[in-house]
Protein chains: 2
Amino acid sequence: MQENKQQIKTTIDAPITSDSRLFGSIEGGGTKFVCAIGNEQLEVVEKVVFKTTTPEETLQKVIKFFEGKSVSAIGMGMFGPLENRLTHEKYGYITSTPKEGWADVDVVRPLKEALDVPIYFTTDVNSSAYGEFISREKADGLVYYTIGTGIGAGIVLNGEIVGVTGHPEMGHVSVKRLADDAEFEGVCPYHKDCLEGLASGPTLEARLGIRGENVALDHPVFEIIGNYIAQACVQVTLTIRPNIIVLGGGVMSPTLLEIVKKEFKKTLNNYVEIENMDTYLSLPAVVENGSATIGNFALAKKLM
Amino acid sequence: MQENKQQIKTTIDAPITSDSRLFGSIEGGGTKFVCAIGNEQLEVVEKVVFKTTTPEETLQKVIKFFEGKSVSAIGMGMFGPLENRLTHEKYGYITSTPKEGWADVDVVRPLKEALDVPIYFTTDVNSSAYGEFISREKADGLVYYTIGTGIGAGIVLNGEIVGVTGHPEMGHVSVKRLADDAEFEGVCPYHKDCLEGLASGPTLEARLGIRGENVALDHPVFEIIGNYIAQACVQVTLTIRPNIIVLGGGVMSPTLLEIVKKEFKKTLNNYVEIENMDTYLSLPAVVENGSATIGNFALAKKLM
């Protein structure tokens, strides 16, 4: 995992032309915030990364980055759980997170007050799902999972983010225990052995006693993790019949993807037809974890 | 279960007025077909029920019923699996059903050729889901399960039936075995112990050796079945965050609904907020299994 000090990195991928509008992206994670500015083509023209500290300090840095930049709107994807229903009195809040200092915090209002721009507020995984949706052809039914420190997921159906009473919490669905894994308790603080509890990054260290990034990609533990991810993919396939499932996050690798595909085929057992197994389960189309940023630009643009 | 002989029943609930269009409904199940005609208000003005025999004979009866009735369009909800993607070469077919004589049968084309009206073709559970959606206020995210001879489900999100690569097969999601039920193999011909394999009507007789309709509603077996249904409701809640889950079908009863509610609360354990538990899990709003008929009328009307 990359160490995020107080460093500020700025990259210019594309020029700002005078006739184009600019859009903002805020990707707020538990360890770092990524803020970016994009042009009409949703290309990054400026970007900053900083550590997540207190809400006050972190949001001040966000405001400082966007001040004077004349973005037309901002897309904001945050770690959850959060309240993204526009009509809810707690709209714009991070709700019940275990992250110290961030529970029950209104993150949208301070930004709106300081920057006076429309903000589209959702989860980071919904942003990523949307970024993948707009980066692909024919993704009418797209599911995005991030398999990392936690497991989260977003769904985009026919161009719309799914979730009537809130955002999906598909990282916490239950999966069937493998006989090989019967001794492992699971790490989810809420459910112990839900999908996140059995297949997220921290389960590597919890099972093996060595840090996840030091576990070889061909270690048999990935057969177990791959099976649980595959089970979740089968469940969502039977439920909404998507046409693509994108698997992102720090735990995913081309090797793990192949294991997931193998276990998915075995578990689904042709019960429903998958037109193209080669592309049905995929790594993100947007490289370098950029799905959420592009998704946020697009969601901001949609507000206009 | 009701014996369906060759009887034809006709009911008139509402008058046909000269200025109103008429819509047709075909609800095709494994044991019986229900065909009906509805007015602009989606009220039934004529109805017929007959036994499902061969496709040829059954479709001839459907044609005979609608001939000369001047319906503007027909909504057709059939037992599945079926092909309901308009662009698919097998659109309008029942696909891989185990029901003798019905696999790989085009059911839409013979009707279109004989009756020359637009037909909306979907599953019976999608029709029911849609019928429940239009019969309720504020059902932006509605899931409908039928718990009967089999278990099927449909989803209506923001007024649209969900399913990009086909219709949901949520009756076949996996659930966690209860310790009390470890000996029971399950009845699903494909998966043995999926939701349908553990909670459908035939599991009553398979477990107890007495016909399902003779099992007392307070028999402890319903605690087990209720738990499995609740597990499925939790999974779909975490996945798409609907605002109502409707539980229909011959196995459901007010008693079983209360068990499902109890088990759902226990399993969800407040992980996500359910605004109104009293109405979140509900029996159908449309009485006497009429959800699919009203849904079909509405889907037919939508084609106009």
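The model is predicted. In it, 35 residues of chain A are in contact with 35 residues of chain B, and the two chains bury about 3,100 Å² between them, with 53% of that area on carbon and sulfur atoms. Three residues, V164(A), R241(A) and Y271(A), supply 22% of the area that chain A buries against chain B, which is more than any other three residues contribute.

**Polar and charged pairs across the interface**

- Between chain A and chain B the count of salt bridges is 6, and a salt bridge also joins the side chains of D193(A) and K176(B), with an N to O distance of 3.4 Å.
- Residue pairs in polar contact across the interface of chain A and chain B number 22, where both residues have pLDDT 80 or more.

**The side of chain A that touches chain B**

- Two elements of chain A, β9 (151-157) and α6 (221-240), are those that give two or more residues to the side that touches chain B.
- The largest share of that side, 5 residues, comes from α6(A).
- By residue class, the side of chain A that touches chain B divides into 15 nonpolar, 12 polar and 8 charged residues.

**The nonpolar core**

- In soluble globular proteins, nonpolar side chains tend to be buried together.
- Here the largest nonpolar core has 94 residues, and those with the most contacts inside it are Y145, I229 and F264 of chain A together with Y145, I229 and F264 of chain B.
- Leaving aside residues up to four places away in sequence, F264(B) touches A230(B), C233(B), V234(B), T237(B), N269(B), I274(B), M277(B), Y280(B) and L281(B).

**The surroundings of H172(B)**

- H172(B) is found in the loop between β10 (160-161) and α4 (195-199) of chain B, and its relative accessible area is 7%, so the residue falls under the 20% limit and counts as buried.
- Residues of both chains touch H172(B): L238(A) and Y271(A) from chain A, and C188(B), H191(B), C194(B) and E196(B) from chain B, not counting residues up to four places away in sequence.
- One of these residues, Y271(A), is also among the three that supply 22% of the area chain A buries against chain B.
- The side chain of H172(B) makes a polar contact with the side chain of H191(B), at 3.2 Å.
- Although H172(B) and G152(B) are 20 residues apart along the chain, their C-alpha atoms are separated by 8.1 Å.

Technical notes
Residues numbered from 1 in each chain as written. Chains lettered and ligands numbered in written order. Predicted model: local features only at pLDDT ≥ 70, side-chain atom pairs only at ≥ 80, totals over all residues. Heavy atoms only, no water. Contact = heavy atoms within 4.5 Å. Buried area = accessible area lost by both parts, 1.4 Å probe. Salt bridge = Lys/Arg side-chain N within 4 Å of Asp/Glu carboxyl O. Polar contact = N/O pair within 3.5 Å; in protein donor to acceptor, adjacent residues only side chain to side chain. Helix = DSSP H or I, 4+ residues; strand = E, 2+ residues; numbered from the N terminus. Nonpolar A, V, L, I, M, F, W, Y, C, P; charged D, E, K, R; others polar. Core = buried A, V, L, I, M, F, W, Y, C linked by side-chain atoms within 4.5 Å. Buried < 20%, exposed > 50% of the residue type's maximum accessible area, 1.4 Å probe, protein only.
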